[in-house]
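Please look through the structure shown here with the briefing beside it.

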Amino acid sequence: MAKKLRGDHEKVLARAAKARAKERYVLRLYVAGITPKSDRAIRSVKEICEQSLKDRYDLEIVDIYQHPGTLKEDQIIVAPTLIKKLPFPLRRLIGDMADREKILLGLDLRPKCG
Amino acid sequence: MRNKSGKSVKHTNADIQIAIELPASSRNSTCLPPDLSTTELSRENAELRAQLAEAQATLHAIREGEVDAIVVSGSQGEQIFSLTGVETVYRLIVETMKEAAFTVAFDGTILFANARFEEYVKRPMEKILGHALHELVPQDQCPAVESLLTAAQKEPVKCRLVFQGADGTLIPAFVLSNLLNQPDGMSICMVAMDLTELENSTHLIQELRRQKDALRKSQERLQLLSSCASRLLASDNPQSIINELCREVMTHLDCQAFFNFLADEQAGKLHLNAFGGISEEEALNIEWLDYGAAVCGCAARQGCCIIAEDILNVPDTRADLVRNYGIQAYCCHPLMAQGSVVGTLSFGTKTRPHFTPEEVEVMRTVADQVAVAMQRLLNVQALREFNESLEQSVNERTAEVQRQTTRLRALAAELGQAEQRERKRLASILHDHIQQLLVAAQMHLGLVKRADSMTIGPAIQGVESIIREAIDASRSLAMDLSPPILHQGGLVPALGWLANRIEEKNLFKVRVRADNAAEPEMEPVRLLLFESIRELLLNAIKYSGAHEAEIMMMRTPDDWTRITIEDKGSGFDPEVANASRNGLGLFGIQQRLTHIGGKMEIESAPGQGTRVSLLVPPEKTRKDTLEPAADASEIDEQALIGFSQKKNKICILLADDHRIVRQGLSSLLQLEPDLDIVAEAEDGEQALKLARRLKPDVVVADVSMPGMDGVELTRMLLREMPGIKVLGLCMHIEKDVAAAMRDAGAVGYLAKSGLSEDLITAIRACAAGR
């Protein structure tokens, strides 16, 4: 059983990995109006998307002051927050997104080390 | 505690309530369903770990200040709290933007204002915040502020508002207002844009438009004036086109009436020549206007432009006439030609009470043009008349010249013929008389040859007597042709001889009274006079029907030689004689006399005898001579008048110590048009002073004045002013006084008791230089 599982797992993984490579990312970035951090966050995220997710991402930027209704839907507590809606699982990243590696990691674009 | 959606709410005393939402699958958790498998457990575990990591990360971020805002769900719903530093950018925008932003409460109290607003109202912030908006606008804008505040409470409003700075300057602004929904109350947010520049440029555009209008108007004006000028110049009768012109000017100036008066010299008033804007009947009422009446009369009398403005309100009697027509402003210009007023041109408007300087200028220019056109006509007229008179003069002269030429030609022809006749006469005398005698003598000599000693004596005697006769005949002929006495003795004896001869031959008595002193000096003159006299005598013998004539020969006071031939015969009309062939003789004499500077005068009328005078000028330059005034000094009047007409007037200084005499002389002389008394003096000293100052032409001075007498005066005058002429006056003529005056340099000496005409002619002669 375990072997079969492991084999299944491997196949699943491989399949998942392949699929992952073609998967479309849906991202949503929540910012708080025009602040320096929001500014930085927007720029950072855009850069990352362009570099690592070229042509396979949808990025939506939402100003929490202008669209307060959406906060509940995504359970936003703070801004700036980047939500990875797709692919699963849902991930939440907080801050000005200055640390590129952290973001990539958070978006599962980097393998976990160790 | 869990509510329905699985949210857990924590209440603390702090203002900020943080609710951390956990995913639905997590639980506050001692209740773990016991029947979950390991896989499920480990999955749940992983999830929980991830969520925990997220929550930790969130808290970390908050603590580290990496977030800008926190979303809080409270009893009032979702609320976003901004953390410090976030509003800097907004604040920056509001403070640095080019518009003024401020918020006011509903009652107008200013709650917030940015720096730009401070600039607009030129007040420090302390004077703005908490003060009413009404304080920052000029008085007249307060109602506008009120209405703005009221309207802005319901909906967004846009309007124009003028702010007033503390220094009084006004700033027009475009204000947009919006309701502000703040948690602790409603207020109005306003943004104001400075309209100054925009309005300035609008102002500039308006100014440009206005200038363009002015330019257009000025162009119209120019066109109108030049069209007027060209039409007036082209027209031969400017008066007739005044109507048309003035109507155009009226349209351009927006006037409703015009009047053109022309000065009528005969009537001494102004006559209405053209008008517009009033009825025909009304025009009849004002057809004649006196100088000084109404505006036009005043303008004509004073010769200057008169403007009456605001007529309806300002009492001005001159404008009464036009006030009745409803005219508010009226301007009248005089028409000036050759320095005098020939009429007026005026315009009146009912639409406004004042004329602008440009409008007055247009009217003045039109009036000037009309006046110039009229003057041009006058000049053209005068020129034409002058031309005509000139032509006439030329024609007359030409006719005269032609007449003279014809006569001269005729004379020349006649002369030729006369010469022929004379030769024929001579030839016939020679042939008929002398030749016959010589032939007879020859025949007798033939007889003598054949005669014997008895008859030879008487035969020779016969021949002698024939020869003697021949000699007489030839001498007589020679004498007839050229009397030697004329050459040897002179004209006077020659005249005597002629008289005798004529008496013998023609049985015509000739009386000669000749003054030896009148003998002309030059031979050709003597010859000419002799032949002329002979011809005139022959005329008298042939035509007058009389049996005697008289010849007088004398010298005139100014040294001319005058010869008069007079008979009391039938006389003739000199005009008729001139035209006839016989008149050529007279014409010839006249021409020859004129040639040497003399003249001939004929006085004759049918039935009244004939007197012909021949005058010959002196050969030498004139000497000062004194003649007793008792003799009628026949001065040639015609020559004198001709001379004094050249001068304008003869200036005379009278000096006489008797006032009555002076007055008498003065009034006598003043009657003469060519004599002018410039001064009167009582004695010699005064006369001298006045003469020095006034430099008269002639000084008439009494010789016997007290102090400096006439002789002394004459001497002094002539020393200082050599060209001056002095005439002496006295009660009676005395030879030595006369001589003294002559020596002093006076030109004449007259008796006061003499004829006035003598004095006048003497003065004229003096002035003429004779």
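B:G496 lies in helix α13 of chain B, which covers residues 491-506; helices (H or I, at least four residues) and strands (E, at least two) are DSSP runs, numbered from the N terminus. This is a predicted model, in which local features need pLDDT of at least 70 and side-chain atom pairs count only at pLDDT 80 or more, while totals for chains, interfaces and linings use all residues. Residues are numbered from 1 along each chain as its sequence is written, chains are lettered from A and ligands numbered from 1 in the order in which they are written, and side-chain values use heavy atoms, with hydrogens and water left out.

- B:G496 counts as partly exposed because its relative accessibility is 26%, where buried means under 20% relative accessible area, exposed over 50%, and partly exposed in between (1.4 Å probe, protein chains only).
- The C-alpha atoms of B:G496 and B:R511 are separated by 8.4 Å, and these two residues are 15 residues apart along the chain.
- B:T564 has its place in strand β16 of chain B, residues 561-567, and is buried, with a relative accessible area of 3%.
- Leaving aside residues up to four places away in sequence, B:T564 touches B:E550, B:I551, B:M552, B:R611, B:V612 and B:S613, where contact means heavy atoms within 4.5 Å.

**A pair of helices in chain B**

- The axes of helix α20 (residues 710-720) and helix α21 (residues 735-744), both of chain B, come within 8 Å and cross at roughly 15°; axes are lines fitted to C-alpha atoms, for helices over the stretch in contact, and angles run from 0 to 180 degrees between N-to-C directions.
- α20(B) and α21(B) are therefore roughly parallel to each other, a term that applies to angles under 35 degrees.
- In this pair, B:G710, B:V711, B:T714, B:R715 and B:L718 of α20(B) meet B:A740, B:M741 and B:A744 of α21(B).

**Aromatic rings**

- Over all chains, the structure holds 6 aromatic pairs, and rings of Phe, Tyr and Trp (its six-membered ring) pair if their centres lie within 6.5 Å.
- One aromatic cluster is formed by B:F102, B:F117 and B:F163.

**Chain A as a whole**

- Chain A contains 4 helices and 5 strands, and along the sequence they follow the pattern α-β-α-β-α-β-β-β-α.
- Of the 114 residues in chain A, 38% are buried.

Definitions and conventions. Parallel < 35°, antiparallel > 145°, perpendicular 65-115°, else oblique. Phe/Tyr/Trp six-rings, centres within 6.5 Å; stacked < 30°, edge-to-face > 60°.
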